[in-house]
Amino acid sequence: MSRLLILFCSVFLISLPVFGQFPMGGGKKGPEIKGKINGQLFDSITNEGIGYATLSITKKGSKIILDGILSEEDGKFTFDNVKTGSYDLTISFLGYNDKVLKSVETTLKSPDINLGKIYLSPSTVLLDAVEITEEKSLFESKIDKLVFNAENDASIAGGDATDVLRKVPMLTVDLNGNVSLRGSQNVRILINGKPSGMFSGNVADALKMFPADQIKKVEVITSPTAKYDGEGSAGIINIITKKQNIDGFAGSINASAGNRQNSLFTNLNAGRGRFGSSANAAIFYSVPLDGSTSFYRKDNTRSGERILAQDGVQNTTRLGGNGSLNVFYDFNGYNSITSSFSMRGFGFANDGTINGSIMDPVFGLNDVFTRNNNGTTSNNGFDWNTDYTKKFQKEGQELTAAIQYSKQNSDQDNNIIENHIEIPSLNRSSDVINDGDNHETTLQLDYVHPFKKSVKLESGVKGVLRKIISDYNTDVLENLQFVRLADVYEYDQNVYAAYSSLDFYLFKKIGVNAGLRYEYTDISGISQNEKSNPVTNSYGNILPSLTLSRAFPKFRTLKLSYTRRIQRPGLQFINPFNNTSDFLNRTEGNPYLAPELVDQLELSYNITFWGITTFSSVYFKKTHDIIEQVLLIDELGLSKNTFQNIGQNQAFGLNTFLTKTIKFITFRTGGNIFSYDAKGVINGQPIERTSYEYNVFMNGEIKFSGTLKADFFGFFRSPVRTIQGDNPAFTIYGMGIRKEFKKSSLGLTFIEPFHEDKFFKSNVSNGVFTQRTSFSIPFRSIGINYRLKFGNVDFKERKTKVKNTDTKQGTDTQMQGGMQGNSNN
């Protein structure tokens, strides 16, 4: 019996490995069970529950969202029907820093996980380029800024930066690419928290050469604190690109093709230990487009009506590219250095024919003419900056020294062939040329000292040295014939600044940021032809800022802020180059412009109820020595577009933004309305105007699954008011759909699919003349976009401290320019 038992046991033990090779139970899997993950969210300062926060779970290390929910009113949340496995949990909400809980694991033994109390910390007033790898909601309304996460929008693939900015609440972008914040174009645009020479000239053209696929997110701040430059009276726009510093190797390729725009963007990242680098390059091409244009002006003279008219067609092609290299090295845990170099080149070519007529009873003229304009506009340059950061043992204590050098070349070359029937003295075959160079050197030192958790002092000094050179050769009309004029104009603008800003809490509930900034400006300008009449000016400005914010239960936030800011004229405003490509409607800068001073008071309120998140604000803004483009009539009766300090403007405004998610559909809507009340003097004559402007938008997204989603949007902006007239209204709508795969994605975009062309009209008038311009451009756009990612890395954060925001940037000044208007589309 014992032998039989021993034999049985031996056979059983030997057979175990054999049975292990075959599935049991008819091929069924092992036991499975679904559980839940729950917890409760709290404010780290007030210890109050946070309701309606967004929570999402993904598989560990994945970006594909498996489920998303909102927390309950008291902050409690529950994910039901969760399969066993390891997950990452992402939490985000208005006004708080995002929180990611890694490796939340459910098992067969413990399928239900209670995460207990989870504390979220309120976001601080910062504007730095921070890279986030988890998917965010498309819009985030934070205490100090509004964030648009562009990389999550399927409808902008294959477009340019203007397509991205059109989707951001509070921003409007007209057909030429000029950007306004709450109706004002006095904004400062930063790239990754620092200035770029590409915006020293025509901002509209620069944005059109910036592929949308390079942009990660856009931050808008309307009440900058004292640590930011005093420039940008309307606010600051910070564009964060998709550059990343990593540990490992990775890259991506993004290609878009369509009937209007085509682009290719590549990105490579490599890093190991304390050293890392990243590089990217992009090329952008816009197919040739034909646009029609017309110009009409009627003057009331003592001898009768003077009428100038012209119309024609112009073909425009755009081509651009850029590239950058970033490197960093950590000497140890307290000392590090970061350096980056970027270069760019973009431009457009235009070829147009104009037919016009002149009927002038004053000079007894009745003429018809034809003008052929074949020209190119090119912009190229580079930025180099290096930051050294010294950290201390006390958390948050930091000293940063930064240097930046930028150079930008902005060249215009137009070949004009013009033939007149009745006035042969106006016939010409000549080149109108302007070569502009902008050199900019920045030195900056910043120090942050936290006294305790809720008290922080920031202070620093800064110097910006600018030299602008304009070398031009143009035609000037004298005695009804063209005379050549060549000149070189040199303009130096040096700005020296110091600031101090203190963050603290009153009664543990009221957040306070109080700051003071002093800026001293020294200006000199000289023309080689008029060396005896140089332009010199210097002035100092004290720029205070104060922000009070109060958080209430159920996440309601009230904020009151006051800022004083300054707006210095940039190159395109002061350049005396007389552009007579269209001699009936020429443009010329004004080197004698004074800066604008702006005082703004803003009250904003955030609230979430019934799952609806809303951000609203009312504001008052008063501008002294406001700079506007004005139309003057010269002694020959021809139009001259230039810039003047016309007087003052005061505006009351209201803007609002709402978002609501219903299951897999998210809706967003909002708008902005404000008054225009300007009083001033033009050519010695008092002038005033009272009106209003408004814009509304609607957009949303539909998530069919974790890997398939669609986006849609629509936008309308009323005509833009000036003291002399109106610039065109603007509308746009579009949609896009994107499918995500493991390492790639494929998308389709449609912009204005039912309208091939758009038409735009503007008018300027007073008691003496009336001028109307109109032009049309192709607008229907259909494109396909493909993205490919490769590599497997850990992401890190790098940022620079140089943030120049101190000049009123050039815009497309041809909005009233008739014949030249569509060359910038």
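Q: What volume does the second largest pocket have?
A: In this predicted model, the second largest pocket has a volume of about 400 Å³.

Q: What makes a residue part of the lining of the second largest pocket, and how many residues line this pocket?
A: A lining residue has an atom within 4 Å of a pocket point. For the second largest pocket, 19 residues line the space, and Y472, D487, E530, P576 and E588 lie nearest its centre. Strands take part too: β23 (455-478), β24 (481-506) and β25 (510-527) each give the lining at least two residues. Sorted by class, the lining holds nine nonpolar, seven polar and three charged residues.

Q: Why is N683 called exposed?
A: Exposed means over 50% relative accessible area. N683 has 55% relative accessibility, so N683 counts as exposed. You will find N683 in the loop between β33 (665-682) and β34 (685-703).

Q: Why is E752 called buried?
A: Buried means under 20% relative accessible area. E752 has a relative accessible area of 1%, and therefore E752 is buried. The loop between β39 (744-751) and β40 (757-765) is where E752 lies.

Q: What makes the phi of N683 worth a look?
A: Phi of N683 is near 55 degrees, a positive value, and N683 is not a glycine. Most residues other than glycine have a negative phi.

Q: What is the phi of E752?
A: Phi of E752 is about 45 degrees, again a positive value in a residue that is not a glycine.

Technical notes
Residues are numbered from 1 along each chain as its sequence is written. This is a predicted model: local features need pLDDT of at least 70, side-chain atom pairs count only at pLDDT 80 or more; totals for chains, interfaces and linings use all residues. Side-chain values use heavy atoms; hydrogens and water are left out. Helices (H or I, at least four residues) and strands (E, at least two) are DSSP runs, numbered from the N terminus. Buried means under 20% relative accessible area, exposed over 50%, partly exposed in between (1.4 Å probe, protein chains only). On a 1 Å grid over the protein atoms alone, a cavity is a set of points where a 1.4 Å probe fits but cannot get out, and a pocket is an open set with protein on both sides within 12 Å along at least five of seven lines; lining residues have an atom within 4 Å of a point. Grid points are joined across faces, edges and corners, and a volume is the space filled by probe spheres set on the points. Ala, Val, Leu, Ile, Met, Phe, Trp, Tyr, Cys and Pro count as nonpolar, Asp, Glu, Lys and Arg as charged, and the others, Gly among them, as polar.
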